[in-house]
Amino acid sequence: MNWHEESHDAAPVDAVADDHEAEPVVVTPLPRRSNDVFYLGDTGRLPLDGRRALCQLLIGPSIDQLRHAKLWPALIRSEAAIRSALSDLFLELVLDRDSGVAFTRQADTEDIDAPVLLRSSPLTFIDSVLLLYLRQQLAEADARGNRAVVADTEMAEALAIYEKNLSTDRAGFNRRVAAAVQKMKENHILTRLAGQDDRHEVSPALKLLFSAEDVSALSAVYRQLRDTPAANA
């Protein structure tokens with residue numbers, strides 16, 4: 001048979017079609033990944049680096065321009081959108097461009113019953129005294145145009161004058177001092193200098209946590225405690 005001959009027995013192609021046309025198959029394409037869509041169902045509006053900055057703020061305790069060299073510019077670029085995202089969580093952004101530090105805190109919602117997302121850590125007496133000492137070191141370093149750096153021995157000496165206020169033995173007092181210093185490290189108020197286990201940089205965030213007025217008021221209280229001949233535990 002010649003392949004170009006038509007068979008008289010063969011039905012035309014149109015004749016074998018079913019009486020009912022088959023329903024068309026609808027294929028829904030998966031959303032393509034683009035500059036602002038990073039996973040299936042993503043409806044976020046922040047760019048990728050802005051989301052990472054937001055996550056770091058929520059993880060806490062802060063974003064530091066020196067420790068987070070990539071996140072800091074991302075935070076600045078997306079500041080307005082990040083503030084908006086935090087507002088949805090009853091949080092506000094505290095940002096100091098001059099100091100290069102930012103963190104979140106609970107918004108003052110007044111009479112609105114809002115959930116509290118941020119962890120709070122109660123301060124002992126010795127914690128408070130240490131924070132005040134570190135804040136003062138930060139102020140003095142700023143006046144000189146330097147970063148504030150403190151040594152373990154310096155912190156121990158600064159706190160030793162309050163030992164009598166705790167009515168404890170020397171070993172017990174030293175343990176409290178060590179615990180206070182460790183708390184500052186865990187919350188990144190103190191950051192160990194590379195290659196120097198006993199020296200730490202004080203976070204500029206303390207300037208935002210304690211104003212000059214706070215420092216003055218606390219200093220007066222602790223000065224009175226320090227100068228009191230005897231104190232209760």
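Which residues are exposed on the other side of α5? Thr 153 and Glu 157 are; point 2 has the rest of that helix.

1. Ground rules. This is a predicted model, in which local features need pLDDT of at least 70 and side-chain atom pairs count only at pLDDT 80 or more, while totals for chains, interfaces and linings use all residues. Residues are numbered from 1 along each chain as its sequence is written, and side-chain values use heavy atoms, with hydrogens and water left out. Helices (H or I, at least four residues) and strands (E, at least two) are DSSP runs, numbered from the N terminus.

2. Helix α5. This helix covers residues 152–160, and Met 155, Ala 158 and Leu 159 are buried in it. Seen down the axis, those buried residues fall within an arc of 95 degrees, so they line one face of the helix. The arc is taken from the directions from the helix axis to the C-beta atoms. Buried here means under 20% relative accessible area, exposed over 50%, and partly exposed in between (1.4 Å probe, protein chains only).

3. The strands. β2 (residues 91–96) runs antiparallel to β3, with six bridges, and Val 94 sits opposite Phe 103 in β3. Four residues separate the two strands of this hairpin, and Gly 100 has a positive phi near 70 degrees. β3 (residues 101–106) also pairs in the antiparallel sense with β1 (residues 63–64), over two bridges; there, Ile 63 has Ala 102 as its bridge partner. Pairing requires at least two bridges found by DSSP between the strands.

4. Ser 203. Look for this one in the loop between β6 (196–202) and α8 (205–209). Ser 203 is buried, at 7% relative accessible area.

5. The largest pocket. Its volume is about 970 Å³, and of its 28 lining residues, Pro 61, Arg 119, Ser 120, Ser 121 and Asn 187 lie nearest the centre. β3 gives the largest share of the lining, four residues; α1 (48–59), α7 (170–186) and α8 are among the elements that each supply at least two. A pocket is an open set of points on a 1 Å grid over the protein atoms alone, where a 1.4 Å probe fits, with protein on both sides within 12 Å along at least five of seven lines; lining residues have an atom within 4 Å of a point. The volume is the space filled by probe spheres set on the points.
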